[in-house]
Structure formats: C-alpha cells, structure tokens
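Colleague: I've got a model open and I'd like to learn how to read it. Can you walk me through it?

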Amino acid sequence: GKSFVALNLASSVAATGKRVVLVEFDLINPTLGKKLELEFESGLTDYLLNKKEVADICMPVEQVENLSLVPAGQPLESSSDLLTQHKLDQLFNYLSSNYDLVIVDSAPIGLISDAFAISEYCDATIFVVRQDTSPKSMIKKLKKESTLARLKNTSVVYNGTKTRNSYLKEYYSAQ
C-alpha cells in the first residue's frame, strides 16, 4: 500500500511538469524498483556505504516524464547504523536543490525506526493504513506515545477500503 501510494503520488505530480524524485528508503524490503521493472546496479545503500555519490544513484524513470527514482539498492538487515546526520544532510540537500519535490517511501513505521531518522527532512508525513490489515492498536500506540507529535503535517490515507453503500457499488461496477 505505502509504495503504491508513494509511486502514484510521485507520478501524478510529475505529470504536472514538476521534477520529482522518489526515494526508496525501505532498505530492508524494497519493492519500487521491481514495480517499475527497473534494472539497477546501485542505490541508496551504496551511497550510505560511501560507494557512490548521490548524483550516481538518481535514475530517471523512462515510463514517467519528470520522475526519477533513488532505488534502495541491495537490501540490508540493519540500516539504522548507516543513517548518519552528515550523509542524510548531503542526500536531502542535493535532492531538494535538483528536484521540485522529494517523496520518500520509508519502511513501515513502528517496525523500523528509519522513518524517524529522516523525519526532520520531511515537510509532511502520510500514513498509509490498510483496512482490516493495519492493527488499530498500532495507531493508538503511536498517538498515545506522542510519536505523531514529532512528525510534521501528518495525514492518513485509508487504503483497501470496501464500499458499503449499495448505490456506490452499482455505480463503480458499471464503470
């Protein structure tokens, strides 16, 4: 759900003529490169490991004009120790000076702390919640622990919702 929403948001904004970069920050279970059917030799992990420069890991997405992808690179078991302030400063400074919009697809919040490590570079946070899948207890826990207060401009996208109104079901099935 979250990668799907991030990719569609990035593609929609790119379609308006804005230069957009989508950063695959889910370093443990990356999926964007596969969804876009892109072949890549390097990615964000190579930059974090000092093997590549930021400019070398920004790949144009041929299917969508004005859209680039920073793929995650090779999956890592633990990425938290790679997320140094200096490397993140360089990364986001480069991206924000070369693109109109930077969209980050991070690991699921609550499972991995990487989302919090990059939150200071984000102007907004979108939680993608899947009906009947995302545990309500996790959302309540985030709210109770004031985790949400540390993030800027939080919003929620409900994904995978079911239509309850029979009129709407008939309308959408006729489309």
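This is a predicted model: local features need pLDDT of at least 70, side-chain atom pairs count only at pLDDT 80 or more; totals for chains, interfaces and linings use all residues.

Colleague: Which residues is aspartate 105 in contact with, leaving aside its neighbours within four places in sequence?

Modeller: Among them are Lys2, Ser3 and Ala6, then Leu22, Val23, Glu24, Phe25 and Asp26. Some of those names come back in strand S1, residues 20-25.

Colleague: How many residues of S1 are buried?

Modeller: Six of its six, so S1 is mostly covered.

Colleague: Which strands does S1 pair with?

Modeller: S1 runs parallel to S3, residues 67-70, and four bridges join them. Over in S4 the pairing with S1 is also parallel, with six bridges. To find these by eye, go to valine 20, which stands opposite leucine 67 in S3, then to valine 21, whose bridge partner in S4 is valine 102.

Colleague: Now a helix. What should I look for?

Modeller: Here's the general idea: an α-helix has 3.6 residues a turn, so residues three or four places apart point the same way. Now take helix H5, residues 85-98, where Lys87, Leu88, Leu91, Phe92 and Leu95 are buried. They cover an arc of only 115 degrees around the axis, which puts them on the same side of H5.

Colleague: Which exposed residues does the face turned away from that buried side carry?

Modeller: His86, Asn93 and Ser97.

Colleague: And what span should H5 have, end to end?

Modeller: At 1.5 Å a residue, its 14 residues should span 20 Å, and the end C-alpha atoms are 20 Å apart, so the two agree.

Colleague: Let's zoom out. How many helices and strands are in the protein chain?

Modeller: Eight helices and six strands, in the order α-β-α-α-α-β-β-α-β-α-β-α-β-α along the sequence. Of the 175 residues, 39% count as buried. Among contacts between residues at least 6 apart in sequence, 75% join residues at least 24 apart. The accessible surface comes to about 10,900 Å², with 49% of that belonging to carbon and sulfur atoms.

Methods:
Residues are numbered from 1 along each chain as its sequence is written. Side-chain values use heavy atoms; hydrogens and water are left out. Helices (H or I, at least four residues) and strands (E, at least two) are DSSP runs, numbered from the N terminus. Buried means under 20% relative accessible area, exposed over 50%, partly exposed in between (1.4 Å probe, protein chains only). Contact means heavy atoms within 4.5 Å. Accessible areas come from the Shrake-Rupley method with a 1.4 Å probe; for residues, only the protein chains shown count as cover. Two strands pair if DSSP finds at least two bridges between them. The expected span of a helix is 1.5 Å times one less than its number of residues. The arc is that of the directions from the helix axis to the C-beta atoms.
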